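The sequence and the structure come next.

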Amino acid sequence: MKPLLIYCFDAYAEWCYGFIPVIKKLETRFSTRFDFEVLSGGLIRAAKPTPIAAISDYMMRAYPQVEALSGMKFGEDFLWHIKNSKESDWFPDSLKPAMAMCIFKEYLFEKQIDFANDLSFALFSEGRDLCDDEAYRHLLEKYDLPAEKFYSRLHSDEVKQVANEDFHTISQLGISGYPSLLLQLQPEKIIHLAASYISYPDIQEKILELI
């Protein structure tokens, strides 16, 4: 069994969007050395639905930094919602995209990095509301997943429990920022590689030093 590189991810984390080129290169470079898995972190959870206005000021400050450091550009449809947050009908919550990730892993476990990147791209580039079921339909077509079964699972208590277990695992691992990377060499040996955005040369160097 190969060591496991764990990508701690949240679809609503703007730095995960900026991390898309890095995690793609990592998977390409190290796919023969490591298995890869995505764990969703539950970045935005609220006891009751909270409008995007609650985080829009932070997003306005953060997105230019992500663009400058990563080269990833945010789409105008997404930016409209944070620039006009009082008019937006978005109520962000990390649960539904985390549930979508859990379902996707049941079908195409080996492509979960791709799907995580697609979730980030759908939100931050295309401006899709990830709390809306229809935000996922184009990805079902892309990966040839059965829509009826997917949407049934997306509203199931079973998948909700699995997603919440991922949130709990992330919390137990001490992860509070996204993206984060962990390397599990043995069942009880987990190395924290990165606790925030990191460039590809820097993370590659850290991994090569370990192996």
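## Aromatic pairs

Rings of Phe, Tyr and Trp count as a pair if their centres lie within 6.5 Å; for Trp the six-membered ring is used. Planes under 30 degrees apart make a pair stacked, planes over 60 degrees apart make it edge-to-face, and the rest are tilted. The model examined here is a predicted one. A search of the whole structure gives 17 aromatic pairs.

One of them is formed by Phe-104 and Tyr-143, with 4.9 Å from centre to centre and 75 degrees between the planes. The angle is over 60 degrees, so this pair counts as edge-to-face. The pair links distant parts of the chain: Phe-104 belongs to helix 5 (residues 95-107) and Tyr-143 to helix 7 (residues 137-143), and the two are 39 residues apart. Phe-104 has a relative accessible area of 0% and is buried. Tyr-143 is buried as well, with a relative accessible area of 12%.

Another pair consists of Tyr-136 and Phe-150, and it is tilted, with centres 6.2 Å apart and 45 degrees between the planes. This pair also links distant parts of the chain, 14 residues apart. Tyr-136 is in the loop between helix 6 (112-124) and helix 7, while Phe-150 is in helix 8 (residues 147-154). Tyr-136 is buried at a relative accessible area of 1%, and Phe-150 is buried at 1%.

There is also an aromatic cluster, formed by Tyr-17, Tyr-63, Phe-74, Phe-78, Trp-90 and Phe-124.

## Overall fold

Ten helices and four strands make up the secondary structure of the chain. Their order along the sequence is β-α-α-β-α-α-α-α-α-α-α-β-β-α. The radius of gyration is 17 Å, close to the 17 Å that the globule rule gives for 211 residues, so the chain is as compact as a globular protein of that length. Along the principal axes, the C-alpha atoms fill a box of roughly 50 × 40 × 30 Å.

Of the 211 residues, 51% count as buried. Among contacts between residues at least 6 apart in sequence, 73% join residues at least 24 apart.

## Surface and charge

The accessible surface of the chain is about 10,500 Å², and 50% of it belongs to carbon and sulfur atoms.

## Around helix 4

His-81 is placed in helix 4. Its relative accessible area is 11%, which is under 20%, so His-81 counts as buried. Leaving aside residues up to four places away in sequence, His-81 touches Ile-52, Ser-88, Asp-89 and Trp-90. Trp-90 is also one of the residues in the aromatic cluster.

Asn-84 is in the loop between helix 4 (76-83) and helix 5. Asn-84 is partly exposed, with a relative accessible area of 23%. The C-alpha atoms of Asn-84 and Ala-53 are separated by 8.4 Å, and these residues are 31 apart along the chain.

Asp-10 is found in the loop between strand 1 (4-9) and helix 1 (14-18). Is Asp-10 buried or exposed? Asp-10 is buried, with a relative accessible area of 3%.

Not counting residues up to four places away in sequence, Asp-10 touches Cys-16, Gly-41, Gly-42, Leu-43, Ile-44, Ser-94 and Tyr-178. Asp-10 and Leu-210 are 200 residues apart along the chain, and their C-alpha atoms are separated by 26 Å.

## Backbone details

Most residues other than glycine have a negative phi, and most peptide bonds are trans. Two places in this chain can be read against that background.

The peptide bond that joins Tyr-178 and Pro-179 is cis, with omega at about 5 degrees. Pro-179 lies in the loop between helix 9 (157-172) and strand 3 (180-186). Tyr-178 is also among the residues that Asp-10 touches.

Asp-144 is not a glycine, yet its phi is positive, at about 55 degrees. Asp-144 is in the loop between helix 7 and helix 8. Its relative accessible area is 69%, and Asp-144 is exposed.

Conventions:
Residues are numbered from 1 along each chain as its sequence is written. This is a predicted model: local features need pLDDT of at least 70, side-chain atom pairs count only at pLDDT 80 or more; totals for chains, interfaces and linings use all residues. Side-chain values use heavy atoms; hydrogens and water are left out. The radius of gyration is taken over C-alpha atoms; the globule rule is 2.2 Å times the number of residues to the power 0.38. Buried means under 20% relative accessible area, exposed over 50%, partly exposed in between (1.4 Å probe, protein chains only). Contact means heavy atoms within 4.5 Å. Accessible areas come from the Shrake-Rupley method with a 1.4 Å probe; for residues, only the protein chains shown count as cover.
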